[in-house]
There are 2 protein chains.
Amino acid sequence: MINDRFLKACRCEPVDCTPVWFMRQAGRYMPEYRALRAKHSMLELCKTPELAAQVTLQPIDRFPLDAAIIFADILLPFEPMGLNLEFAEGEGPVIHNPVRDHAAVERLSVIDGGELNYVAEAIGQARRALNARVPLIGFAGAPFTLASYAIEGGSSRNYLLTKQMMYCEPKTWHLLMDKFARVITGYLRQQIKAGAQAIQLFDSWVGCLSVGDYVEYVLPHVQLIFEGLKREGVPMIHFGTGTSAMLRQMRAAGGDVIGVDWRIPLDEAWEIVGHDTAVQGNLDPLALYAPLPEVERRVEDILRRAAGRPGHIFNLGHGILPTTPIEHVAAAIDMVHKLSARQVKS
Amino acid sequence: MINDRFLKACRCEPVDCTPVWFMRQAGRYMPEYRALRAKHSMLELCKTPELAAQVTLQPIDRFPLDAAIIFADILLPFEPMGLNLEFAEGEGPVIHNPVRDHAAVERLSVIDGGELNYVAEAIGQARRALNARVPLIGFAGAPFTLASYAIEGGSSRNYLLTKQMMYCEPKTWHLLMDKFARVITGYLRQQIKAGAQAIQLFDSWVGCLSVGDYVEYVLPHVQLIFEGLKREGVPMIHFGTGTSAMLRQMRAAGGDVIGVDWRIPLDEAWEIVGHDTAVQGNLDPLALYAPLPEVERRVEDILRRAAGRPGHIFNLGHGILPTTPIEHVAAAIDMVHKLSARQVKS
């Protein structure tokens, strides 16, 4: 590995400067990505390994990022499991046969991963194209976040149907979560075997829950995934948004790195998580729209809160938005490297 | 006042049992409210003092609640300020001329309250109808939450335009916040003079901000409102959702009672806020969909975390949803009273 800052930081080892990558770093804010999307649908890009690998490399070829992440979508396991998924233009994902009762959950297939071979194939191709420049991250959605899409039939404001199943049909809920946990464990193992050098579990919407509900209805299933993957020996990142009150419990569920959003100051988050665990974050993606001196002030603030302690991976608190000024993305990456290198020296 | 539990709890004075009211307690989950809404639009109900007072009393006549809250909407100041507001059926509020630049902010009128006399009138009528059974709460939206609607033109997922103005046009932002702060201060003072015995400031969406941004872009304006109303001598509640990481700063901004959502356990929230300040919350509104034994377990858990300490007002973490089973609302109110009375005795 030519640049192993990211992997070192995942293991809380010292680095020359803070590694940085951005969620959705391959996305609409890049003209080269928009050019490909003009010709192919989202699902086509994901399902064609050559294209997925090509998109994965786009931000790496343009910016001095410290990690690549395979281009895919957390909802890819839905179709082979029996969920009729569509990416409606401008509306986000739509599931045409949402899962609302026990029979529907029972019908879901616990796929063994063969159906998602195209992701493994894309990982292999991306690894070869990366040629050891930076490590490649694999990823999957976490059971709660996947369940919320499967039950609501798309994104949601208050997770009414999800919580109704959780509270009123706990057996159905746990069966659904168990199915997702088993599918995701196999899928992530397959990604690691195919060459993913770290993995990230996205529990993007779990922050809508109380801590008590997290512990009762989510944690055991997430734990199963992290336990099941431990012996694979790659660093595992556990990410969510709106999780300020449940960081300790997310840490207990598993992960070598805890991803935190911008709502909580990084030093407070790290204090809660414990300094023996790495943290990833936590610039507000919207802060990239600010004038550059303001971006710098914010990058500096996060690095100051990380205090040069080994085990910080710089990232946004959530994905880059499509209208983000691309030159601000470039500038932010440079700021992280330069300001943190100065911090290491001093 | 026949029942002054709520006012006592706001002042952290001991009570015989924990007072309870619910945000949106006058709402679609009640058949008598739906019957009125079938005949009148939302804005008609708000603008006709007889109807607004009637709706305010509906939950009080049905349930042994410990406070009434005037029926109104946080966006009522928009029209007289120059914002063209519409409640589109099933879509939430739409502002047809959103405020996106300095000139648009400059054009907004700092109304003196006369235009909202109908709310004061409704408060007077509701007070007379309540006949001292329970206290009446007045309310307004907080500057950030109002600004987000004014800028985005409705509700928002990531507050892109709001944060863009905040970060890129700070002078425009602060002018907008200052205008809202002045309007709201006058409007709440008017409500108090008309008979509101407590007020609540709804900063419902402020939890999308980092703590740093809250302190820089929001806190000073909120502080102005609470400072301006202090000498009126009524208890003031300061409410937001998703605020687990900023409760200390919200407390610093002002309020005798801090409203907290379900994401953070009540004892942790109270510890952060400080036990010299009252707290309000914090049952997940979705928990009211659970079977009654499960509702009871959750009510009990919150009361246990409040530990019988004076200064707890039981509420939801956000408004009641329209499809909530009405008999669960009734049951939850009873549980709060009975379980907390037992706690006081023991």
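**Two chains, strand by strand**

Student: Which residue in E6(A) is the bridge partner of Asp203(A)?

Tutor: Gly240(A) is the bridge partner of Asp203(A) in E6(A). Bear in mind that this is a predicted model.

Student: What sense do E5 and E6 of chain A pair in, and over how many bridges?

Tutor: Strand E5(A), residues 198–203, and strand E6(A), residues 236–240, pair in the parallel sense, with five bridges.

Student: What sheet is that in, and what's the strand order?

Tutor: An open sheet of seven strands in chain A, ordered E1-E4-E5-E6-E7-E8-E9, with parallel pairing.

Student: Which strands stand at the edges?

Tutor: E1(A), residues 68–69, and E9(A), residues 312–316. Each has a single partner strand, so one side of each is left without a neighbour in the sheet.

Student: Which helix lies across E7 and E8 of chain A?

Tutor: Helix H13(A), residues 266–273, lies across E7(A) (257–259) and E8(A) (278–283). The helix runs at about 155° to E8(A).

Student: Switching to chain B. How do E2 and E3 run, parallel or antiparallel?

Tutor: Antiparallel: E2(B), residues 85–88, is joined to E3(B), residues 92–95, by four bridges. Glu86(B) has Val94(B) as its bridge partner in E3(B).

Student: And what's between those two strands?

Tutor: Three residues, in a hairpin. Gly90(B), in the turn, has a positive phi of about 75°.

Student: Now the core. Which residues have the most contacts inside the largest nonpolar one?

Tutor: Ala68(A), Ile70(A), Ile137(A), Ile70(B) and Ile137(B), in a core of 247 residues.

Student: What does Ala68(A) touch, leaving out residues up to four places away in sequence?

Tutor: Thr56(A), Leu57(A), Ile60(A), Ala126(A), Leu130(A), Val134(A), Leu136(A) and Ile137(A).

Student: OK, the contact between the chains. How many residues does each chain give?

Tutor: Chain B gives 26 residues and chain A gives 26 residues. On the chain B side, the elements giving two or more residues are H9(B) (160–168), H11(B) (211–229) and H14(B) (292–306). H9(B) gives the most, with five residues.

Student: What's that side made of, by class?

Tutor: The side of chain B that touches chain A has 14 nonpolar, seven polar and five charged residues.

Conventions: Residues numbered from 1 in each chain as written. Chains lettered and ligands numbered in written order. Predicted model: local features only at pLDDT ≥ 70, side-chain atom pairs only at ≥ 80, totals over all residues. Contact = placed C-beta atoms within 7 Å. Nonpolar A, V, L, I, M, F, W, Y, C, P; charged D, E, K, R; others polar. Core = buried A, V, L, I, M, F, W, Y, C linked by C-beta atoms within 7 Å. Buried ≥ 20, exposed ≤ 12 C-beta atoms within 10 Å, placed from the backbone. Pairing = 2+ DSSP bridges. Axes fitted to C-alpha atoms, helices over the stretch in contact; angles between N-to-C directions.
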